[in-house]
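Please read this briefing alongside the sequence and the model. It takes the meeting of the chains as its starting point and then turns to each chain by topic.

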Amino acid sequence: MDTRFIRYRKVKNNLFKGIVILFSFLCTIPLFCILYYIIRKGIKEINWHFLIRLPMPVGEVGGGIANALSGSMMIVLVAAVIAIPFGILAGIYLSENKDKKLAYWSRLSADIMQGIPSIVTGIVVYFWIVKPMKSFSALSGSVALAMMMLPIVVRTTEETLLRIPNSFKEAALALGVPYHRVILRVIVPCGLSGILSGSLLAVARIAGETAPLLFTAFGNPYMNVNIFKPMQSLPLMIYNYAISPYDQWHNMAWGAAMILLIWILLLNLLTKLVTKRWRIQL
Amino acid sequence: MENTIIKCENFNAWFGDNHVVKSVTMDIPKNNLTAVMGPSGCGKTTFLRCINRMHELAPDARTEGSLKLYQDEVYDIHPILLRQKIGMVFQHPNPFPNMSIYDNVVAGYKLNGIKLSKAERDDIVEDSLRKAALWMEVRDTLRKKGTFLSGGQQQRLCIARAIAMKPEVLLLDEPTSALDPVSTSSIEELLIDLKKNYTIIIVTHNMQQAARISDRTAFFYMGELAEYDHTKQMFISPKDKRTQNYITGRFS
Ligand SMILES: Nc1ncnc2c1ncn2[C@@H]1O[C@H](COP(=O)(O)OP(=O)(O)O)[C@@H](O)[C@H]1O
Ligand SMILES: [Mg+2]
(Lines give C-alpha, C1' and ligand atoms only; values in the text may rest on other atoms or scores of the structure.)
(Ligands and ions follow the chains in the order given, each with its own letter.)
Protein backbone atom coordinates (compact mmCIF):
# COMPACT_ATOMS: atom_id res chain seq x y z
CA MET A 1 0.00 0.00 0.00
CA ASP A 2 0.95 3.58 -0.55
CA THR A 3 3.09 4.79 2.36
CA ARG A 4 1.75 8.29 1.96
CA PHE A 5 -1.73 6.97 2.53
CA ILE A 6 -0.59 5.25 5.73
CA ARG A 7 1.18 8.37 6.89
CA TYR A 8 -2.00 10.36 6.27
CA ARG A 9 -4.00 7.89 8.36
CA LYS A 10 -1.46 8.16 11.14
CA VAL A 11 -1.72 11.93 11.17
CA LYS A 12 -5.51 11.68 11.30
CA ASN A 13 -5.30 9.20 14.17
CA ASN A 14 -2.97 11.40 16.16
CA LEU A 15 -5.06 14.47 15.50
CA PHE A 16 -8.14 12.68 16.79
CA LYS A 17 -6.28 11.43 19.85
CA GLY A 18 -5.00 14.95 20.52
CA ILE A 19 -8.49 16.43 20.33
CA VAL A 20 -9.90 13.82 22.71
CA ILE A 21 -7.12 14.46 25.22
CA LEU A 22 -7.55 18.23 24.93
CA PHE A 23 -11.27 18.03 25.64
CA SER A 24 -10.94 15.70 28.58
CA PHE A 25 -8.41 18.15 29.97
CA LEU A 26 -10.79 21.07 29.36
CA CYS A 27 -13.44 19.22 31.38
CA THR A 28 -11.29 19.43 34.51
CA ILE A 29 -10.74 23.18 34.21
CA PRO A 30 -14.08 24.37 35.65
CA LEU A 31 -13.56 22.20 38.74
CA PHE A 32 -10.07 23.56 39.31
CA CYS A 33 -11.26 27.15 38.80
CA ILE A 34 -13.99 26.67 41.39
CA LEU A 35 -11.62 25.00 43.81
CA TYR A 36 -8.98 27.69 43.35
CA TYR A 37 -11.41 30.54 43.82
CA ILE A 38 -13.14 29.11 46.86
CA ILE A 39 -9.94 28.08 48.57
CA ARG A 40 -8.34 31.48 47.93
CA LYS A 41 -11.34 33.30 49.35
CA GLY A 42 -12.35 30.84 52.04
CA ILE A 43 -9.16 29.51 53.56
CA LYS A 44 -8.36 32.54 55.71
CA GLU A 45 -11.75 32.26 57.42
CA ILE A 46 -11.35 28.69 58.45
CA ASN A 47 -10.09 27.79 61.89
CA TRP A 48 -11.35 25.79 64.81
CA HIS A 49 -13.50 28.63 66.20
CA PHE A 50 -15.14 29.08 62.82
CA LEU A 51 -16.46 25.54 63.09
CA ILE A 52 -17.59 25.51 66.72
CA ARG A 53 -18.86 29.05 67.34
CA LEU A 54 -22.26 30.52 66.67
CA PRO A 55 -22.71 33.53 64.40
CA MET A 56 -22.15 36.94 65.97
CA PRO A 57 -23.98 40.18 65.26
CA VAL A 58 -22.58 42.23 62.39
CA GLY A 59 -19.44 44.09 63.40
CA GLU A 60 -18.29 41.67 66.06
CA VAL A 61 -15.45 39.45 64.99
CA GLY A 62 -14.96 35.73 65.70
CA GLY A 63 -18.38 34.35 64.73
CA GLY A 64 -18.71 30.78 63.43
CA ILE A 65 -20.98 28.46 61.58
CA ALA A 66 -21.65 25.80 64.23
CA ASN A 67 -25.43 26.05 63.81
CA ALA A 68 -25.29 25.77 60.02
CA LEU A 69 -22.84 22.88 60.07
CA SER A 70 -24.75 20.84 62.65
CA GLY A 71 -28.04 21.74 60.99
CA SER A 72 -26.83 20.63 57.57
CA MET A 73 -25.57 17.36 58.97
CA MET A 74 -28.83 16.70 60.74
CA ILE A 75 -31.06 17.61 57.80
CA VAL A 76 -29.01 15.48 55.42
CA LEU A 77 -28.85 12.58 57.87
CA VAL A 78 -32.62 12.51 58.32
CA ALA A 79 -33.08 12.77 54.55
CA ALA A 80 -30.75 9.80 54.08
CA VAL A 81 -32.56 7.78 56.74
CA ILE A 82 -35.83 8.37 54.89
CA ALA A 83 -34.64 7.93 51.32
CA ILE A 84 -32.07 5.12 51.48
CA PRO A 85 -34.26 2.29 52.86
CA PHE A 86 -37.17 3.26 50.61
CA GLY A 87 -34.91 3.59 47.62
CA ILE A 88 -33.16 0.26 48.17
CA LEU A 89 -36.44 -1.60 48.61
CA ALA A 90 -37.94 -0.02 45.51
CA GLY A 91 -34.73 -0.77 43.58
CA ILE A 92 -34.97 -4.42 44.64
CA TYR A 93 -38.55 -4.54 43.41
CA LEU A 94 -37.61 -3.03 40.06
CA SER A 95 -34.72 -5.41 39.46
CA GLU A 96 -36.75 -8.45 40.52
CA ASN A 97 -39.87 -7.59 38.52
CA LYS A 98 -38.45 -6.05 35.38
CA ASP A 99 -41.50 -6.57 33.22
CA LYS A 100 -44.34 -5.77 35.59
CA LYS A 101 -46.54 -2.75 34.84
CA LEU A 102 -45.85 -1.27 38.27
CA ALA A 103 -42.11 -1.56 37.65
CA TYR A 104 -42.48 0.30 34.37
CA TRP A 105 -44.38 3.14 36.01
CA SER A 106 -42.10 3.46 39.04
CA ARG A 107 -39.03 3.43 36.83
CA LEU A 108 -40.59 6.16 34.71
CA SER A 109 -41.55 8.25 37.72
CA ALA A 110 -38.08 7.88 39.22
CA ASP A 111 -36.60 9.17 35.97
CA ILE A 112 -39.03 12.08 35.79
CA MET A 113 -38.46 12.91 39.47
CA GLN A 114 -34.74 13.28 38.77
CA GLY A 115 -35.62 16.04 36.35
CA ILE A 116 -37.98 18.02 38.58
CA PRO A 117 -36.43 21.37 39.53
CA SER A 118 -35.49 21.37 43.20
CA ILE A 119 -37.34 24.60 43.89
CA VAL A 120 -40.56 22.88 42.79
CA THR A 121 -39.91 20.04 45.21
CA GLY A 122 -39.40 22.65 47.92
CA ILE A 123 -42.74 24.33 47.20
CA VAL A 124 -44.60 21.03 47.12
CA VAL A 125 -43.18 20.02 50.48
CA TYR A 126 -44.12 23.46 51.80
CA PHE A 127 -47.75 22.71 50.98
CA TRP A 128 -47.56 19.13 52.20
CA ILE A 129 -45.80 19.59 55.50
CA VAL A 130 -45.00 23.16 56.43
CA LYS A 131 -48.55 24.50 55.99
CA PRO A 132 -50.38 21.67 57.79
CA MET A 133 -47.86 21.77 60.65
CA LYS A 134 -47.98 25.55 60.66
CA SER A 135 -44.21 25.84 61.03
CA PHE A 136 -41.06 25.70 58.97
CA SER A 137 -39.06 22.72 60.11
CA ALA A 138 -35.84 20.80 59.52
CA LEU A 139 -37.99 17.71 59.00
CA SER A 140 -39.76 19.25 56.03
CA GLY A 141 -36.36 20.16 54.58
CA SER A 142 -35.23 16.57 55.03
CA VAL A 143 -38.36 15.33 53.25
CA ALA A 144 -37.66 17.65 50.32
CA LEU A 145 -34.05 16.43 50.11
CA ALA A 146 -35.17 12.81 50.49
CA MET A 147 -37.44 13.26 47.48
CA MET A 148 -34.41 14.34 45.50
CA MET A 149 -32.29 11.42 46.72
CA LEU A 150 -34.91 8.76 46.22
CA PRO A 151 -34.75 8.35 42.43
CA ILE A 152 -30.94 8.21 42.51
CA VAL A 153 -30.93 5.47 45.13
CA VAL A 154 -33.71 3.55 43.36
CA ARG A 155 -32.00 3.57 40.01
CA THR A 156 -28.48 2.77 41.21
CA THR A 157 -29.81 -0.10 43.34
CA GLU A 158 -31.78 -1.45 40.40
CA GLU A 159 -28.86 -1.20 38.00
CA THR A 160 -26.46 -2.79 40.48
CA LEU A 161 -28.75 -5.73 41.18
CA LEU A 162 -29.51 -6.32 37.50
CA ARG A 163 -25.82 -6.97 36.95
CA ILE A 164 -25.78 -9.87 39.43
CA PRO A 165 -26.05 -13.15 37.52
CA ASN A 166 -29.19 -15.16 38.04
CA SER A 167 -27.12 -18.26 38.81
CA PHE A 168 -26.49 -17.18 42.43
CA LYS A 169 -30.18 -16.80 43.02
CA GLU A 170 -30.79 -20.25 41.56
CA ALA A 171 -28.03 -21.75 43.71
CA ALA A 172 -29.65 -20.33 46.85
CA LEU A 173 -33.17 -21.33 45.86
CA ALA A 174 -31.95 -24.86 45.11
CA LEU A 175 -30.66 -25.06 48.69
CA GLY A 176 -34.22 -24.50 49.86
CA VAL A 177 -33.65 -20.90 50.91
CA PRO A 178 -36.87 -18.84 51.02
CA TYR A 179 -37.10 -16.05 48.48
CA HIS A 180 -36.82 -13.12 50.90
CA ARG A 181 -33.64 -14.57 52.38
CA VAL A 182 -32.21 -15.15 48.92
CA ILE A 183 -32.66 -11.46 48.21
CA LEU A 184 -31.47 -10.14 51.57
CA ARG A 185 -28.62 -12.58 52.23
CA VAL A 186 -27.28 -13.29 48.73
CA ILE A 187 -28.37 -10.78 46.11
CA VAL A 188 -28.11 -7.58 48.18
CA PRO A 189 -24.72 -8.50 49.73
CA CYS A 190 -23.38 -9.24 46.23
CA GLY A 191 -24.41 -5.75 45.17
CA LEU A 192 -23.52 -4.00 48.41
CA SER A 193 -20.69 -1.89 47.03
CA GLY A 194 -22.87 -0.55 44.24
CA ILE A 195 -25.81 0.15 46.52
CA LEU A 196 -23.63 1.88 49.13
CA SER A 197 -21.80 4.01 46.61
CA GLY A 198 -25.08 4.97 44.95
CA SER A 199 -26.46 6.05 48.31
CA LEU A 200 -23.32 8.02 49.20
CA LEU A 201 -23.36 9.77 45.85
CA ALA A 202 -27.00 10.65 46.39
CA VAL A 203 -26.05 12.20 49.75
CA ALA A 204 -23.22 14.15 48.10
CA ARG A 205 -25.63 15.28 45.45
CA ILE A 206 -28.16 16.82 47.87
CA ALA A 207 -25.81 18.08 50.59
CA GLY A 208 -25.39 21.40 48.82
CA GLU A 209 -28.99 21.93 47.70
CA THR A 210 -30.37 25.34 48.64
CA ALA A 211 -33.65 25.77 46.81
CA PRO A 212 -35.62 22.94 48.45
CA LEU A 213 -34.69 24.29 51.89
CA LEU A 214 -35.82 27.87 51.31
CA PHE A 215 -39.47 27.22 52.19
CA THR A 216 -38.91 24.23 54.42
CA ALA A 217 -35.95 24.26 56.82
CA PHE A 218 -36.02 28.03 56.31
CA GLY A 219 -32.86 28.83 58.25
CA ASN A 220 -32.21 29.95 61.80
CA PRO A 221 -29.57 32.31 63.17
CA TYR A 222 -29.46 30.35 66.43
CA MET A 223 -28.48 26.84 67.35
CA ASN A 224 -31.36 24.41 67.03
CA VAL A 225 -31.41 20.63 67.25
CA ASN A 226 -35.18 20.15 67.20
CA ILE A 227 -36.16 18.81 63.78
CA PHE A 228 -39.67 20.23 64.15
CA LYS A 229 -38.30 23.77 64.28
CA PRO A 230 -36.62 25.87 61.59
CA MET A 231 -32.97 24.98 61.26
CA GLN A 232 -29.93 26.58 59.71
CA SER A 233 -27.95 24.77 57.04
CA LEU A 234 -24.75 25.52 55.14
CA PRO A 235 -26.34 26.27 51.76
CA LEU A 236 -28.97 28.53 53.35
CA MET A 237 -26.34 30.31 55.39
CA ILE A 238 -24.17 30.85 52.33
CA TYR A 239 -27.17 32.21 50.47
CA ASN A 240 -28.22 34.58 53.24
CA TYR A 241 -24.71 35.82 53.97
CA ALA A 242 -23.80 36.24 50.32
CA ILE A 243 -26.79 38.50 49.59
CA SER A 244 -26.15 40.59 52.71
CA PRO A 245 -24.45 43.98 52.35
CA TYR A 246 -21.62 43.21 54.81
CA ASP A 247 -18.08 42.32 53.72
CA GLN A 248 -17.48 40.32 56.85
CA TRP A 249 -20.51 38.13 56.10
CA HIS A 250 -19.34 37.70 52.52
CA ASN A 251 -16.05 36.32 53.84
CA MET A 252 -17.86 33.95 56.17
CA ALA A 253 -19.97 32.75 53.24
CA TRP A 254 -16.75 31.88 51.38
CA GLY A 255 -15.50 29.98 54.41
CA ALA A 256 -18.76 28.07 54.68
CA ALA A 257 -18.66 27.33 50.94
CA MET A 258 -15.23 25.82 51.39
CA ILE A 259 -16.44 23.63 54.26
CA LEU A 260 -19.36 22.45 52.13
CA LEU A 261 -17.02 21.70 49.28
CA ILE A 262 -14.69 19.71 51.51
CA TRP A 263 -17.64 17.77 52.83
CA ILE A 264 -18.76 16.84 49.32
CA LEU A 265 -15.24 15.94 48.21
CA LEU A 266 -14.86 13.69 51.25
CA LEU A 267 -18.14 11.95 50.43
CA ASN A 268 -16.92 11.33 46.90
CA LEU A 269 -13.63 9.95 48.19
CA LEU A 270 -15.48 7.75 50.65
CA THR A 271 -17.60 6.45 47.78
CA LYS A 272 -14.49 5.50 45.83
CA LEU A 273 -13.10 3.77 48.89
CA VAL A 274 -16.30 1.86 49.57
CA THR A 275 -16.53 0.75 45.96
CA LYS A 276 -12.99 -0.57 46.10
CA ARG A 277 -13.11 -2.13 49.54
CA TRP A 278 -16.48 -3.87 49.21
CA ARG A 279 -16.37 -4.80 45.57
CA ILE A 280 -17.25 -8.43 45.08
CA GLN A 281 -15.70 -10.27 42.18
CA LEU A 282 -18.66 -11.83 40.39
CA MET B 1 -38.51 -52.06 40.97
CA GLU B 2 -37.69 -52.39 44.64
CA ASN B 3 -35.67 -49.70 46.32
CA THR B 4 -37.09 -47.00 44.09
CA ILE B 5 -36.51 -43.47 45.32
CA ILE B 6 -38.07 -41.45 42.50
CA LYS B 7 -41.05 -42.67 40.58
CA CYS B 8 -42.52 -40.81 37.61
CA GLU B 9 -45.77 -41.76 35.97
CA ASN B 10 -47.03 -39.96 32.91
CA PHE B 11 -45.17 -36.88 34.01
CA ASN B 12 -45.43 -33.79 31.77
CA ALA B 13 -43.96 -30.31 31.88
CA TRP B 14 -44.67 -27.18 29.88
CA PHE B 15 -43.30 -23.69 29.34
CA GLY B 16 -46.49 -21.91 28.31
CA ASP B 17 -47.67 -23.81 25.24
CA ASN B 18 -44.31 -25.52 24.74
CA HIS B 19 -44.77 -29.14 25.83
CA VAL B 20 -41.23 -29.91 26.92
CA VAL B 21 -41.44 -33.15 28.92
CA LYS B 22 -43.95 -35.60 27.50
CA SER B 23 -45.56 -38.36 29.51
CA VAL B 24 -42.40 -39.66 31.14
CA THR B 25 -42.70 -42.86 33.15
CA MET B 26 -39.61 -44.17 34.93
CA ASP B 27 -38.38 -45.47 38.28
CA ILE B 28 -35.04 -44.27 39.59
CA PRO B 29 -33.33 -46.60 42.05
CA LYS B 30 -31.73 -45.49 45.30
CA ASN B 31 -27.95 -45.18 45.61
CA ASN B 32 -27.48 -45.48 41.89
CA LEU B 33 -26.08 -43.11 39.35
CA THR B 34 -28.57 -42.42 36.61
CA ALA B 35 -27.55 -40.52 33.50
CA VAL B 36 -30.00 -38.46 31.46
CA MET B 37 -28.91 -38.09 27.88
CA GLY B 38 -30.25 -36.73 24.64
CA PRO B 39 -29.87 -34.07 21.97
CA SER B 40 -29.88 -30.46 23.18
CA GLY B 41 -33.31 -28.95 23.64
CA CYS B 42 -34.92 -32.34 24.31
CA GLY B 43 -35.98 -31.39 27.84
CA LYS B 44 -33.24 -32.93 29.99
CA THR B 45 -32.69 -29.82 32.09
CA THR B 46 -36.40 -29.20 32.42
CA PHE B 47 -37.00 -32.77 33.59
CA LEU B 48 -34.21 -32.47 36.16
CA ARG B 49 -35.56 -29.15 37.42
CA CYS B 50 -39.00 -30.68 37.92
CA ILE B 51 -37.58 -33.13 40.44
CA ASN B 52 -36.64 -30.34 42.90
CA ARG B 53 -39.42 -28.02 41.72
CA MET B 54 -37.07 -25.43 40.29
CA HIS B 55 -39.05 -25.66 37.05
CA GLU B 56 -41.96 -23.77 38.58
CA LEU B 57 -39.80 -20.66 39.04
CA ALA B 58 -40.13 -19.89 35.33
CA PRO B 59 -43.16 -17.74 34.55
CA ASP B 60 -46.03 -19.80 33.10
CA ALA B 61 -44.30 -23.11 33.85
CA ARG B 62 -46.72 -26.02 34.39
CA THR B 63 -46.60 -29.73 35.19
CA GLU B 64 -48.99 -32.66 35.17
CA GLY B 65 -48.82 -36.31 36.18
CA SER B 66 -47.15 -38.03 39.08
CA LEU B 67 -43.60 -37.55 40.35
CA LYS B 68 -42.90 -39.16 43.69
CA LEU B 69 -40.00 -39.06 46.15
CA TYR B 70 -40.50 -42.37 47.99
CA GLN B 71 -44.30 -42.40 48.60
CA ASP B 72 -44.87 -38.65 48.50
CA GLU B 73 -45.88 -36.59 45.53
CA VAL B 74 -43.10 -34.05 45.02
CA TYR B 75 -45.69 -31.42 44.18
CA ASP B 76 -47.33 -31.90 47.60
CA ILE B 77 -44.08 -31.34 49.51
CA HIS B 78 -43.25 -27.73 50.32
CA PRO B 79 -40.58 -26.65 47.81
CA ILE B 80 -38.35 -25.34 50.58
CA LEU B 81 -38.33 -28.72 52.36
CA LEU B 82 -38.07 -30.61 49.10
CA ARG B 83 -35.04 -28.65 47.95
CA GLN B 84 -33.27 -29.32 51.23
CA LYS B 85 -33.73 -33.04 50.51
CA ILE B 86 -32.75 -32.83 46.86
CA GLY B 87 -29.50 -31.02 46.15
CA MET B 88 -28.62 -29.49 42.81
CA VAL B 89 -25.38 -28.67 40.98
CA PHE B 90 -25.51 -26.46 37.92
CA GLN B 91 -23.78 -26.37 34.59
CA HIS B 92 -21.62 -23.38 35.51
CA PRO B 93 -19.96 -23.40 38.93
CA ASN B 94 -21.73 -20.80 41.08
CA PRO B 95 -20.20 -20.52 44.55
CA PHE B 96 -21.60 -17.46 46.34
CA PRO B 97 -19.13 -14.65 45.60
CA ASN B 98 -19.83 -12.87 48.89
CA MET B 99 -18.84 -15.90 51.00
CA SER B 100 -15.65 -17.70 51.95
CA ILE B 101 -15.07 -21.33 51.03
CA TYR B 102 -16.10 -22.30 54.55
CA ASP B 103 -19.30 -20.25 54.44
CA ASN B 104 -20.14 -21.58 50.99
CA VAL B 105 -20.13 -25.13 52.31
CA VAL B 106 -22.52 -24.30 55.16
CA ALA B 107 -24.48 -21.80 53.07
CA GLY B 108 -27.56 -24.05 53.10
CA TYR B 109 -27.64 -23.83 56.89
CA LYS B 110 -26.65 -20.18 57.17
CA LEU B 111 -29.09 -18.91 54.59
CA ASN B 112 -31.91 -20.99 56.00
CA GLY B 113 -31.19 -19.65 59.49
CA ILE B 114 -30.47 -23.14 60.88
CA LYS B 115 -28.34 -22.67 63.99
CA LEU B 116 -25.31 -24.90 64.39
CA SER B 117 -22.55 -24.90 66.98
CA LYS B 118 -19.05 -24.06 65.81
CA ALA B 119 -18.01 -27.70 66.25
CA GLU B 120 -20.96 -28.97 64.21
CA ARG B 121 -20.20 -26.48 61.49
CA ASP B 122 -16.53 -27.40 61.40
CA ASP B 123 -17.48 -31.06 61.13
CA ILE B 124 -19.91 -30.48 58.30
CA VAL B 125 -17.38 -28.36 56.41
CA GLU B 126 -14.58 -30.90 56.72
CA ASP B 127 -16.82 -33.88 56.00
CA SER B 128 -18.46 -32.30 52.95
CA LEU B 129 -15.18 -31.06 51.52
CA ARG B 130 -13.63 -34.49 52.01
CA LYS B 131 -16.55 -36.13 50.23
CA ALA B 132 -16.17 -33.61 47.43
CA ALA B 133 -12.44 -34.44 47.24
CA LEU B 134 -11.55 -30.81 47.87
CA TRP B 135 -10.46 -30.86 51.52
CA MET B 136 -6.75 -31.41 50.94
CA GLU B 137 -6.60 -28.53 48.47
CA VAL B 138 -8.44 -25.91 50.51
CA ARG B 139 -7.94 -26.86 54.16
CA ASP B 140 -5.52 -23.96 54.67
CA THR B 141 -7.54 -21.38 52.76
CA LEU B 142 -11.03 -21.94 54.11
CA ARG B 143 -11.41 -18.24 54.85
CA LYS B 144 -10.67 -17.18 51.30
CA LYS B 145 -13.46 -16.38 48.87
CA GLY B 146 -14.67 -19.40 46.91
CA THR B 147 -14.40 -17.45 43.69
CA PHE B 148 -10.58 -17.56 43.86
CA LEU B 149 -10.62 -21.30 43.12
CA SER B 150 -10.21 -22.83 39.67
CA GLY B 151 -13.31 -23.83 37.73
CA GLY B 152 -13.00 -27.50 38.66
CA GLN B 153 -12.44 -26.67 42.32
CA GLN B 154 -15.40 -24.30 42.28
CA GLN B 155 -17.60 -27.07 40.90
CA ARG B 156 -16.43 -29.45 43.63
CA LEU B 157 -17.16 -26.69 46.15
CA CYS B 158 -20.68 -26.54 44.75
CA ILE B 159 -20.97 -30.31 45.17
CA ALA B 160 -19.75 -29.95 48.77
CA ARG B 161 -22.34 -27.21 49.34
CA ALA B 162 -25.08 -29.52 48.05
CA ILE B 163 -24.06 -32.58 50.07
CA ALA B 164 -23.54 -30.53 53.23
CA MET B 165 -27.34 -30.47 53.48
CA LYS B 166 -27.31 -34.29 53.62
CA PRO B 167 -29.71 -34.64 50.72
CA GLU B 168 -31.38 -37.87 49.57
CA VAL B 169 -30.84 -37.10 45.92
CA LEU B 170 -28.22 -35.09 44.07
CA LEU B 171 -29.16 -33.57 40.73
CA LEU B 172 -26.36 -32.48 38.41
CA ASP B 173 -26.99 -30.63 35.16
CA GLU B 174 -24.00 -31.10 32.85
CA PRO B 175 -21.63 -30.37 35.75
CA THR B 176 -18.48 -30.85 33.71
CA SER B 177 -19.43 -29.22 30.43
CA ALA B 178 -17.64 -26.01 31.39
CA LEU B 179 -14.52 -27.77 32.73
CA ASP B 180 -11.22 -29.03 31.35
CA PRO B 181 -10.57 -32.80 30.97
CA VAL B 182 -8.53 -33.11 34.18
CA SER B 183 -11.19 -31.43 36.32
CA THR B 184 -13.81 -33.49 34.52
CA SER B 185 -12.20 -36.79 35.38
CA SER B 186 -11.70 -35.79 39.00
CA ILE B 187 -15.41 -34.97 39.24
CA GLU B 188 -16.33 -38.26 37.58
CA GLU B 189 -14.28 -40.18 40.15
CA LEU B 190 -15.91 -38.19 42.87
CA LEU B 191 -19.40 -39.03 41.61
CA ILE B 192 -18.62 -42.74 41.42
CA ASP B 193 -17.53 -42.50 45.04
CA LEU B 194 -20.60 -40.52 46.11
CA LYS B 195 -23.17 -42.88 44.68
CA LYS B 196 -22.55 -45.30 47.55
CA ASN B 197 -24.35 -42.88 49.83
CA TYR B 198 -26.43 -40.73 47.51
CA THR B 199 -28.81 -41.17 44.65
CA ILE B 200 -27.33 -39.24 41.76
CA ILE B 201 -29.07 -38.08 38.61
CA ILE B 202 -26.78 -36.44 36.11
CA VAL B 203 -27.63 -34.78 32.83
CA THR B 204 -24.80 -35.20 30.40
CA HIS B 205 -24.18 -34.41 26.81
CA ASN B 206 -21.23 -36.71 26.75
CA MET B 207 -21.86 -40.36 25.92
CA GLN B 208 -18.45 -41.52 27.12
CA GLN B 209 -19.17 -39.89 30.43
CA ALA B 210 -22.50 -41.67 30.75
CA ALA B 211 -20.84 -44.96 29.81
CA ARG B 212 -18.02 -44.44 32.31
CA ILE B 213 -19.94 -43.53 35.39
CA SER B 214 -23.65 -44.37 35.21
CA ASP B 215 -25.54 -47.50 36.20
CA ARG B 216 -28.58 -46.61 34.18
CA THR B 217 -29.17 -44.28 31.31
CA ALA B 218 -32.34 -42.52 30.29
CA PHE B 219 -32.41 -41.35 26.71
CA PHE B 220 -34.69 -38.40 25.98
CA TYR B 221 -35.76 -37.41 22.53
CA MET B 222 -37.92 -34.35 21.87
CA GLY B 223 -39.37 -34.49 25.35
CA GLU B 224 -40.14 -38.19 25.31
CA LEU B 225 -38.30 -40.85 27.23
CA ALA B 226 -37.18 -42.92 24.25
CA GLU B 227 -35.32 -45.57 26.20
CA TYR B 228 -34.33 -46.29 29.79
CA ASP B 229 -32.13 -49.21 30.71
CA HIS B 230 -28.94 -50.38 32.37
CA THR B 231 -26.17 -48.34 30.82
CA LYS B 232 -24.22 -51.35 29.54
CA GLN B 233 -27.31 -52.81 27.96
CA MET B 234 -28.20 -49.55 26.32
CA PHE B 235 -24.79 -48.92 24.82
CA ILE B 236 -24.34 -52.51 23.60
CA SER B 237 -27.78 -53.11 22.15
CA PRO B 238 -30.09 -50.12 22.16
CA LYS B 239 -33.65 -51.11 21.43
CA ASP B 240 -35.00 -47.81 20.22
CA LYS B 241 -34.14 -46.58 16.73
CA ARG B 242 -33.61 -43.03 17.99
CA THR B 243 -31.18 -44.21 20.64
CA GLN B 244 -29.28 -46.23 18.06
CA ASN B 245 -28.95 -43.23 15.79
CA TYR B 246 -27.78 -41.05 18.65
CA ILE B 247 -25.22 -43.53 19.94
CA THR B 248 -23.80 -44.14 16.50
CA GLY B 249 -23.52 -40.40 16.05
CA ARG B 250 -26.07 -39.97 13.30
CA PHE B 251 -27.32 -36.82 15.00
CA SER B 252 -26.27 -34.94 18.07
N1 LIG C 1 -36.80 -20.72 30.96
C2 LIG C 1 -37.43 -21.18 29.84
N3 LIG C 1 -38.52 -20.55 29.38
C4 LIG C 1 -39.14 -21.00 28.25
N5 LIG C 1 -38.76 -22.07 27.55
C6 LIG C 1 -37.68 -22.74 27.98
C7 LIG C 1 -36.96 -22.34 29.14
N8 LIG C 1 -35.92 -23.19 29.33
C9 LIG C 1 -35.99 -24.09 28.33
N10 LIG C 1 -37.04 -23.83 27.52
C11 LIG C 1 -37.44 -24.62 26.34
O12 LIG C 1 -37.64 -25.95 26.74
C13 LIG C 1 -37.11 -26.85 25.82
C14 LIG C 1 -36.19 -27.85 26.50
O15 LIG C 1 -35.11 -27.16 27.07
P16 LIG C 1 -34.09 -27.85 28.07
O17 LIG C 1 -34.85 -28.61 29.08
O18 LIG C 1 -33.19 -26.79 28.56
O19 LIG C 1 -33.33 -28.85 27.10
P20 LIG C 1 -31.93 -29.58 27.29
O21 LIG C 1 -31.46 -29.38 28.69
O22 LIG C 1 -32.21 -31.00 26.96
O23 LIG C 1 -31.00 -28.98 26.29
C24 LIG C 1 -36.42 -26.03 24.74
O25 LIG C 1 -37.26 -26.02 23.61
C26 LIG C 1 -36.33 -24.66 25.31
O27 LIG C 1 -36.55 -23.70 24.31
MG1 LIG D 1 -29.68 -28.42 29.43
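The contact between the chains takes 19 residues from chain A and 20 residues from chain B, where two residues are in contact if their C-beta atoms, placed from the backbone, lie within 7 Å. On the side of chain A that touches chain B, helix H7 (166-174) and helix H8 (179-190) each supply at least two residues, and H7(A) gives the most, with seven residues. The residues of that side of chain A divide into 13 nonpolar, three polar and three charged; here Ala, Val, Leu, Ile, Met, Phe, Trp, Tyr, Cys and Pro count as nonpolar, Asp, Glu, Lys and Arg as charged, and the others, Gly among them, as polar.

This is a predicted model, in which local features need pLDDT of at least 70 and side-chain atom pairs count only at pLDDT 80 or more, while totals for chains, interfaces and linings use all residues. Residues are numbered from 1 along each chain as its sequence is written, and chains are lettered from A and ligands numbered from 1 in the order in which they are written.

**Chain A**

- Chain A has twelve helices and zero strands, where helices (H or I, at least four residues) and strands (E, at least two) are DSSP runs, numbered from the N terminus.
- The radius of gyration of chain A is 24 Å, well over the 19 Å that the globule rule gives for 282 residues, so chain A is more spread out than a compact globule; this radius is taken over C-alpha atoms, and the rule is 2.2 Å times the number of residues to the power 0.38.
- Taken along the principal axes, the C-alpha atoms of chain A fill a box of roughly 75 × 65 × 35 Å.
- Of the 282 residues of chain A, 38% count as buried, a residue being buried if 20 or more other C-beta atoms, placed from the backbone, lie within 10 Å of its own, exposed if 12 or fewer, and partly exposed in between.

**Chain B as a whole**

- The secondary structure of chain B comes to eleven helices and ten strands, and buried residues make up 46% of its 252 residues.
- The radius of gyration of chain B is 18 Å, which agrees with the value near 18 Å for a compact globule with 252 residues, and its C-alpha trace spans about 55 × 40 × 35 Å along the principal axes.

- An open sheet of four strands in chain B has the order S2-S1-S4-S5, with antiparallel pairing, where two strands pair if DSSP finds at least two bridges between them.
- S2 and strand S5 (72-73) of chain B stand at the edges, each with a single partner strand, so one side of each is left without a neighbour in the sheet.
- Two bridges join S4(B) to S5(B), and B:Leu69 has B:Asp72 in S5(B) as its bridge partner.
- H1(B) lies across S1, S2 and S4 of chain B and runs at about 60° to S2(B); axes are lines fitted to C-alpha atoms, for helices over the stretch in contact, and angles run from 0 to 180 degrees between N-to-C directions.

**The shell around ligand 1**

- The residues around ligand 1 include B:Phe15, B:Asn18, B:Gly43, B:Lys44, B:Thr45 and B:Thr46, a residue being near a molecule if its C-beta atom, placed from the backbone, lies within 6 Å of it.
- Strand S2 (18-29) and H1 of chain B each supply at least two residues of this shell, and H1(B) gives the most, with three residues.
- By class, the shell has four nonpolar, seven polar and one charged residues.

- Strand S9 (residues 216-221) of chain B is mostly covered, since six of its six residues are buried.
- B:Arg216, B:Ala218 and B:Phe220 point one way from S9(B), and B:Thr217, B:Phe219 and B:Tyr221 point the other way.
- Four bridges join strand S3 (residues 33-37) of chain B to S9(B) in a parallel run, with B:Ala35 opposite B:Thr217.
- Six bridges join S9(B) to strand S10 (residues 224-230) of chain B in an antiparallel run, and B:Tyr228 in S10(B) is the bridge partner of B:Ala218.

**Positive phi angles in chain B**

- Most residues other than glycine have a negative phi.
- B:Asn10, in strand S1 (residues 4-15) of chain B, has a positive phi of about 45° and counts as exposed, with 12 C-beta neighbours inside 10 Å.
- B:Arg53, in the loop between helix H1 (44-51) and strand S4 (61-69) of chain B, has a positive phi of about 60° and is buried, with 22 other C-beta atoms within 10 Å.
- B:Met222 takes a positive phi near 50° in the hairpin of S9(B) and S10(B), which has two residues between the strands.
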